[in-house]
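This report describes how two chains are arranged and how they meet. The sequence and the structure are shown first.

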Amino acid sequence: MLLFRSEQHVNRWCRQWNRRRGGTLTLHQGWRLAVEWYSDRLSSQWRPKTTAEAEQAFAGIGLVGDFWKLAG
Amino acid sequence: MPSKLTRVREESSLDSDLRLYIYRFFIRHGRAPWVAEMAKGLSRPTKEVKPALVRLTGTHAFVLEGNGELWRAAPFSAVPTAFPVKIGRRSWYGNCVWDALGIPAMLHRDARIDASCGCCNYQMVLNVKDGHLVKREGIVHIAVPARHWYQDIVFT
């Protein structure tokens with residue numbers, strides 16, 4: 001998961017590395033995802049998210065569609 | 001001889017202690033602990049710590065090197081990366097921009113991330129302050145669909 005200046009730089013990177021374009025997030029979504037994923041990591045009660053919980057977390061910040069599905 | 005249930009409970013307790021020990025070591029020292037340091041810190045034999053580490057990899061948050069030492073305890077990277085994170089006088093590395101943002105999210109602290117564009121290496125400093133990302137210019141790209149993230153976590 002890399003950071004880019006713009007969509008044009010994402011597209012250039014994909015061409016350079018012969019990769020299909022993947023999913024993109026705004027930085028705001030990236031921060032929200034980080035908070036969702038890591039803010040409770042130092043709790044002794046922490047456990048990994050289930051597939052359903054993770055997909056729900058993605059959807060909660062607008063990351064929807066087949067690219068963000070973990071099952072299947 | 002302990003019952004299977006007792007053994008599972010003991011392993012679960014060790015796994016939890018080890019997980020928190022690793023994180024606290026990272027936070028305090030700015031680097032990953034060696035397996036020998038984990039064993040000493042937890043007063044447990046290495047032969048118990050090594051299988052516990054392998055069990056922790058099942059969470060996908062922990063990834064080991066070929067020699068059994070830590071490569072990643074998400075969001076911390078055990079090796080230097082292009083995502084250095086500075087909080088106060090201390091610094092760590094994230095494996096990717098998600099993990100780099102995850103360090104201040106985990107520690108609930110202000111931070112500076114000296115990131116750069118994955119295409120042209122243009123410097124893109126990110127600042128987290130009072131629980132918010134201050135600068136929001138830029139775009140995050142993930143090349144691998146979510147269901148395949150852990151097939152090659154290094155590339156992902």
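## Helix crossing within chain B

In this predicted model, α2(B) and α3(B) cross in a right-handed manner.

On the α2(B) side, the residues in contact are B:Val35, B:Ala36, B:Met38, B:Ala39 and B:Leu42. Their counterparts in α3(B) are B:Thr46, B:Val49, B:Lys50 and B:Leu53. By class, seven residues of this contact are nonpolar, one is polar and one is charged.

## Domains of chain B

Chain B is divided into two domains, with domain 1 spanning 4–61 and domain 2 spanning 84–151. Taken over C-alpha atoms, the centres of domain 1 of chain B and domain 2 of chain B are 26 Å apart. Four residues from domain 1 of chain B and five residues from domain 2 of chain B take part in the contact between them. The side of domain 1 of chain B that touches domain 2 of chain B consists of two nonpolar and two polar residues, with no charged residues.

## Interface between the chains

The contact between chain A and chain B involves 36 residues from chain A and 32 residues from chain B. On the chain A side, two or more residues each come from β1 (2–4), α1 (7–16), β2 (23–26) and α2 (27–38) of chain A. Helix α2(A) provides the largest share of that side, with nine residues. In terms of class, the side of chain A that touches chain B holds 19 nonpolar, eleven polar and six charged residues.

Which strands make up the open sheet, and in what order? Three strands form it in the order β1(A)-β9(B)-β2(A), with antiparallel pairing. The edge strands are β1 and β2 of chain A, each of which pairs on one side only. Direction ignored, neighbouring strands of this sheet are turned by 35° against each other on average.

In general, strands of a sheet pair through backbone hydrogen bonds, either parallel or antiparallel.

## Helix α2 of chain A against chain B

Helix α2(A) lies across β2 of chain A together with β9 of chain B, and runs at about 90° to β2(A). Helix α2(A) also packs with helix α4 (residues 97–107) of chain B, at an angle of about 60° and with the axes 8 Å apart. The two helices α2(A) and α4(B) are therefore oblique to each other, and α2(A) passes α4(B) in a right-handed crossing.

From α2(A), this contact draws on A:Gly30, A:Trp31, A:Leu33, A:Ala34, A:Val35, A:Trp37 and A:Tyr38. From α4(B), B:Val97, B:Trp98, B:Leu101, B:Gly102, B:Ala105 and B:Met106 take part. The contact of α2(A) with α4(B) has eleven nonpolar residues, two polar residues and no charged residues.

Methods: Residues numbered from 1 in each chain as written. Chains lettered and ligands numbered in written order. Predicted model: local features only at pLDDT ≥ 70, side-chain atom pairs only at ≥ 80, totals over all residues. Domains from an automatic or database assignment. Contact = placed C-beta atoms within 7 Å. Nonpolar A, V, L, I, M, F, W, Y, C, P; charged D, E, K, R; others polar. Helix = DSSP H or I, 4+ residues; strand = E, 2+ residues; numbered from the N terminus. Left-handed = near helix turned anticlockwise from the far one by under 90°. Axes fitted to C-alpha atoms, helices over the stretch in contact; angles between N-to-C directions. Parallel < 35°, antiparallel > 145°, perpendicular 65-115°, else oblique. Pairing = 2+ DSSP bridges.
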